Amino acid sequence: MSESPTRLVTAVIVVAAGSGQRLGYGMPKAAVPLGGEPILMHALRGIVASGVASQVCVALPAGDDGLRRMCDDFRDELGDGGPLLSVVDGGSTRSGSVRAGIAALMEGTEAVLVHDAARALTPESVFHRVSDSLAAGADAVIPVLPVVDTIKTVAATTGDNTALAPEVVTGTARREELRAVQTPQGFRAATLLRAHQAAQELDPEQAAAVTDDAMLVEMLGTPVHAVRGSTQSLKITTPLDLIFAEGLLEGPLGARWVEG
Ligand code: C5P
């Protein structure tokens with residue numbers, strides 16, 4: 001894209017209601033400290049710094065007073081010049097948290113970016129690429145990276161061979177067609193609404209298989225476009241991810257390393 005088209009009135013829904021069990025801190029992942037500040041704070045600062053949002057709507061673990069107070073303080077810090085900061089109770093699933101965010105969107109919202117708080121260090125350039133693609137006319141757009149590992153499908157070993165190994169390979173995906181998908185995922189507001197309304201009709205097994213919002217849009221038959229993500233946009237899930245993220249903030253490159 002040579003020149004950025006005029007951006008749409010955009011809200012960012014930040015899903016931060018996960019338990020963070022895999023991180024093992026005994027507290028919601030969004031509250032886990034990274035470089036001296038909760039993970040969520042990094043995510044919020046990155047979104048505001050990108051300048052794409054008229055509203056930031058954060059879905060928090062229900063009843064978490066600490067994170068709520070942190071958002072209140074950040075709202076005060078932003079003052080009148082910043083985006084509207086709204087806080088809602090998240091759901092028991094990621095999709096439920098997104099829907100809680102949708103319910104709190106300002107009237108007049110044209111585009112919605114759904115972002116995992118766990119991707120606390122997403123560079124501004126990724127927000128810009130997603131927003132610019134929506135402004136250029138895309139209904140749905142996701143940031144992606146090429147896959148470096150070979151990816152295989154497997155099934156549980158059955159019959160007489162169970163002693164050999166727990167799983168057996170059923171196929172190998174063509175790596176050049178694969179992409180690892182990140183957030184923020186961007187949508188025209190009406191498209192995201194339609195996708196989540198349709199999701200309410202899924203049976204529990206189908207609903208459990210939904211791991212991102214783009215998947216719901218794909219089910220509508222609407223094209224989902226892909227722009228370049230960033231390795232810096234890693235999803236902090238395990239203790240090792242937290243070490244990587246700390247390294248990005250404090251590493252030998254000095255100030256925060258920005259991949260762009
Ligand atoms: O669990 P997972 O790592 O897939 O979560 C991705 C993002 O979704 C995290 O930022 C997490 O806080 C959020 N989430 C949520 N509500 C849930 C489950 C996850 O907001 N019920």
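Modeller: A polar contact here is a pair of N or O atoms within 3.5 Å; within protein, one must be able to donate a hydrogen and the other to accept it, and residues adjacent in sequence count only if both atoms are side-chain atoms. The model is predicted, so to speak of local features a pLDDT of at least 70 is needed, side-chain atom pairs count only at pLDDT 80 or more, and totals for chains, interfaces and linings use all residues. Residues are numbered from 1 along each chain as its sequence is written, and side-chain values use heavy atoms, with hydrogens and water left out.

A backbone N or O atom of Gly18 lies 2.9 Å from a ligand oxygen, while a polar backbone atom of Ala16 is 3.4 Å from an oxygen atom of the ligand. The protein buries 83% of the 460 Å² that the ligand exposes when taken alone, by the Shrake-Rupley method with a 1.4 Å probe.

Around the ligand stand 15 residues, each with a heavy atom within 4 Å of it, and the closest are Val15, Ala17, Gly18, Ser97 and Lys235. This shell divides into five nonpolar, five polar and five charged residues, where Ala, Val, Leu, Ile, Met, Phe, Trp, Tyr, Cys and Pro count as nonpolar, Asp, Glu, Lys and Arg as charged, and the others, Gly among them, as polar.

Elsewhere in the chain, the peptide bond from Thr183 to Pro184 is cis, with omega near 10°, whereas most peptide bonds are trans.
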